[in-house]
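This report examines selected features of one protein chain. Please keep the sequence and the three-dimensional view at hand while reading.

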Amino acid sequence: MNSGSSFSFLTYLWPTGIQGTWQKIPFSGRNPNFDLMLKGIPKLLVLNKVDLCDQSKCMEVATRLRDEGEKDLLFSNMRKQHHKSVKELMSKIKKATQSMGDDSKALKLMVVGMPNVGKSSLINALRRNNLGRGRATAVGKLPGVTRSVLFKIRICEHPEIFLYDTPGVMIPKIDSEESALKLAITGILKDNIMNDYLIADYLLFILNQHRQFDYAKFYGLPEPMDDIAVVLSRIAKRLGALQKGGSLDIVRAAIHFIHKYRNGELGRITLDQITTSEQLASGQIST
């Protein structure tokens, strides 16, 4: 974001499972338009909510992203205001100010990314750690909390650094139902766009596929199951979720199931398959 005396340094978040995304979906949650918009502009890729993904996959994710040309990236957990990644991010930002060679000029950064990947949490964490001040921008668990580009937010005084928060920018086209379901599971798509029952069914499939059976113990099931109708009926009974007339509220059960997964209570999974150039070259994974 150039404005006379400012230096352009773009920080953008992908969802990481998570999405920006999150780290849960570091690839299918990627908006290809960002690559075009930011071409030739200094940038830092932040993969947020790493606490909610399979952290054993971080090295593979980083390798593939570097294969694709991402030079500077950081895994973060901005939900924890004093997480080590907050200080590491600030250190990277300050190095950018040093490259300017003029301490009298304020550094201005724009934070961009898909909806619900933690852009506002990033700004608030940096501001709290460096200035000791509270929340400067609204944070929510649903996409669409930030609806317009806000005024510049100071996150550091020496050197002077400002951030701009921006609304989440969805990808222009979702190329498959599976990609749409991944975006829905992680909360990047608004919850009213896809059927909750369908999302819950896909989530159960993913949990079983990755042998993440915590949901069985969490909901008091006798064993892991692959029938979503049975699972949601048992969840509804456990919650006491009833509709008028006394029938089980399956929709409420599905929403509860999805939200518990998003909060990391049913297992930590990186949803995207990670294929590096070395794996392709060695024949470990066929295309």
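K49 counts as buried, because its relative accessibility is 10% and the cut-off for a buried residue is under 20%. The model in which this residue is seen is a predicted one. K49 belongs to the loop between strand 2 (43–47) and helix 2 (58–67). Its backbone also deserves attention: phi of K49 is near 60°, a positive value in a residue other than glycine. Most residues other than glycine have a negative phi.

R211 likewise has a positive phi, of about 55°, although R211 is not a glycine. This residue is placed in the loop between helix 6 (196–209) and helix 7 (214–218). Is R211 buried or exposed? With a relative accessible area of 64%, R211 is exposed, since the exposed class begins over 50%.

V111 is part of strand 4 (residues 107–113). At 0% relative accessibility, V111 counts as buried. Along the chain, V111 and T166 are 55 residues apart, yet a distance of 6.4 Å separates their C-alpha atoms.

N124 is located in helix 4 (residues 119–131). N124 is buried as well, with a relative accessible area of 3%. From N124 to I155 there are 31 residues in sequence and 8.4 Å in space, taken from C-alpha to C-alpha.

**Helices that cross**

| Helix pair | Axes come within | Crossing angle |
|---|---|---|
| helix 5 (residues 177–185) and helix 6 | 10 Å | roughly 95° |
| helix 6 and helix 8 | 10 Å | roughly 105° |
| helix 8 (residues 228–239) and helix 9 (residues 250–262) | 8 Å | roughly 95° |

The axes of helix 5 and helix 6 cross at roughly 95°, so helix 5 is roughly perpendicular to helix 6. On the side of helix 5, the contact is made by E177, E178, L181, K182, A184 and I185, and on the side of helix 6 by L198, I199, Y202 and L203. Seven nonpolar, no polar and three charged residues make up this contact of helix 5 with helix 6.

The axes of helix 6 and helix 8 cross at roughly 105°, and helix 6 is therefore roughly perpendicular to helix 8. Here Y197, A200, D201 and L204 in helix 6 meet I228, A229, V231 and L232 in helix 8. By class, the contact of helix 6 with helix 8 has seven nonpolar, no polar and one charged residues.

For helix 8 and helix 9, the crossing is at roughly 95°, which means that helix 8 is roughly perpendicular to helix 9. The residues I228, L232, S233, I235, A236 and L239 in helix 8 meet I250, R252, A253, A254, H256 and F257 in helix 9. The contact of helix 8 with helix 9 divides into nine nonpolar, two polar and one charged residues.

**A pocket**

Rolling a probe the size of a water molecule over the atoms shows where empty space is left. The second largest pocket has a volume of about 200 Å³. How many residues line the second largest pocket, and which lie nearest its centre? Its lining consists of 12 residues, and K57, H210, T270, D272 and Q273 are the ones that lie nearest the centre. By class, the lining of the second largest pocket has three nonpolar, four polar and five charged residues.

Notes
Residues are numbered from 1 along each chain as its sequence is written. This is a predicted model: local features need pLDDT of at least 70, side-chain atom pairs count only at pLDDT 80 or more; totals for chains, interfaces and linings use all residues. Side-chain values use heavy atoms; hydrogens and water are left out. On a 1 Å grid over the protein atoms alone, a cavity is a set of points where a 1.4 Å probe fits but cannot get out, and a pocket is an open set with protein on both sides within 12 Å along at least five of seven lines; lining residues have an atom within 4 Å of a point. Grid points are joined across faces, edges and corners, and a volume is the space filled by probe spheres set on the points. Ala, Val, Leu, Ile, Met, Phe, Trp, Tyr, Cys and Pro count as nonpolar, Asp, Glu, Lys and Arg as charged, and the others, Gly among them, as polar. Axes are lines fitted to C-alpha atoms, for helices over the stretch in contact, and angles run from 0 to 180 degrees between N-to-C directions. Helices (H or I, at least four residues) and strands (E, at least two) are DSSP runs, numbered from the N terminus. Angles under 35 degrees count as roughly parallel, over 145 as roughly antiparallel, 65 to 115 as roughly perpendicular and the rest as oblique. Contact means heavy atoms within 4.5 Å. Buried means under 20% relative accessible area, exposed over 50%, partly exposed in between (1.4 Å probe, protein chains only).
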